[in-house]
Amino acid sequence: MKELLTKKNLEYAERTKEIADKYVRPAAAELDRNQTYPWEIVKKLQEAGLMGVWIPKEYGGEGDGIRNLCIVIEELSKACGGVGVAYAVNALGSFPITIHGTEEQRQRWLPAIAKGEKLVAYGLSEVEAGSDAGSIKTRAERNGDSYTINGDKKWTTNAGAASIYTIYCVTNPEKGTRGISAIVVEKGTEGFTIGKEEDKMGIRCVSLHEIHFKNCKVPAKNLLGEKEGIGFKNAMMTLDKARPGVAAQAVGLAQGALDLAVEYTKKRQQFGQPIASFQGIQFMLADMATQVEAARRLVYAAADAIDAGATHYTKISAMCKLYATDVAMKVTTDAVQLFGGYGYMKDYPIEKYMRDAKITQIYEGTNQIQRIVIAKNLLKESGSS
Ligand code: CAA
């Protein structure tokens, strides 16, 4: 795997691994049990200069692109999937600004995000708008130099920790997806409240809430791109850029589970020998390792396409998300199997990997949606018959 990495990639991996080994791994079980947000770890990531890896240099970030972002996410997720997403979601939340923000908007919000002083959330999903993101109902009406927002968002990752929220709202109900706009709402704005915290199966340490807008008045200068109607495209383009991050989280979870399984099967004695000496076990390990490596390479392929400035990466981005997250589910489930009865119990960290992996097949577009996106683009590329 190392032959794939540049000097800079390796530096990022090592710097993150240090934090993961020292602060994430020892805290993971307790953060999971109590569903507590990993503030201490975010502080360490901030001190290590890792909060702005993907943000361009001119806006205070490192300007080191999506591959390095994915490498950091993978290293964190090897130790804890919840910490992995608590970090990655800041990229998801800031992409709408890097994609369509005006120069003034980028200068206003990105430097604080790059320093880790402000965390971000992405508010698209609603109670009745999950996969069908175009059917959102949250309404923003313009009155002079402000918008009044009314509505509710569901499953907003990072909601309890963030200070900046990109909220997708309907500004023109007659225009369907072309009537959707993206508006940045800052924490503390009157009429904006953080609602119920969800009790999750996995990734338990990241905060995930409903959020509510009741006559919430936001300055019109917070309309992304200062243009109505570009919100749905912005949401889709953001997801295209962010999905390799979910895939990297999945690779990290799969690799983390595989590493533990290798270690365990070499130690665990049955029938008078380590279970790793049985071919049935070896075949499982071999398949797991091969799938993880294939997934990682697909993540890099997508990240590299984005970093190289490709104009079309929707398909490869969906492919890496689909493949890597299915691999994560399979590999983490197999890892539990290799731990046997012990794997099913909370005494060992392995069951957490399986719980954390499940969400990766669901959020940032279910894997059924990824297949729709892949097929649509595949058929489009092949031209009309
Ligand atoms: N880039 C740019 N534009 C795009 C695009 C893309 N990738 N995909 C679609 N568009 C444009 C289309 O070209 C079209 O534009 P025109 O109006 O100019 O024709 C417009 O958007 C509408 O496109 P569709 O007709 O294809 O839209 P649709 O309503 O059929 O939906 C969908 C398509 C792919 C299913 C979309 O709804 C989707 O991606 N759904 C999944 C939503 C999702 O991923 N949610 C995750 C929420 S975030 C989350 O989980 C994160 C978290 O908290 C951690």
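**Entry 1: polar contacts between domains 1 and 2.** I looked up the polar contacts between domain 1 and domain 2 and found 15 residue pairs, both partners at pLDDT 80 or more. The model is a predicted one, and I keep that in mind for each entry. I then checked the interface of these two domains for salt bridges and got zero.

**Entry 2: where the domains lie.** I took the bounds from the domain assignment: domain 1 covers 2-115, domain 2 covers 120-229 and domain 3 covers 232-381. I read 23 Å between the C-alpha centres of domain 1 and domain 2. The area buried between these two domains came out at about 2100 Å², and carbon and sulfur atoms give 63% of that area.

**Entry 3: aromatic pairs.** I counted 10 aromatic pairs in the structure. One of them is Y264 with Y348, at 5.8 Å centre to centre and 80° between the planes. I wrote down this pair as edge-to-face because the angle is over 60 degrees. Where do Y264 and Y348 sit in the chain? I found Y264 in helix α6 (residues 231-267) and Y348 in the loop between α8 (314-344) and α9 (350-360). The two are 84 residues apart, so I noted that the pair links distant parts of the chain.

Conventions. Residues numbered from 1 in each chain as written. Predicted model: local features only at pLDDT ≥ 70, side-chain atom pairs only at ≥ 80, totals over all residues. Heavy atoms only, no water. Domains from an automatic or database assignment. Buried area = accessible area lost by both parts, 1.4 Å probe. Salt bridge = Lys/Arg side-chain N within 4 Å of Asp/Glu carboxyl O. Polar contact = N/O pair within 3.5 Å; in protein donor to acceptor, adjacent residues only side chain to side chain. Phe/Tyr/Trp six-rings, centres within 6.5 Å; stacked < 30°, edge-to-face > 60°. Helix = DSSP H or I, 4+ residues; strand = E, 2+ residues; numbered from the N terminus.
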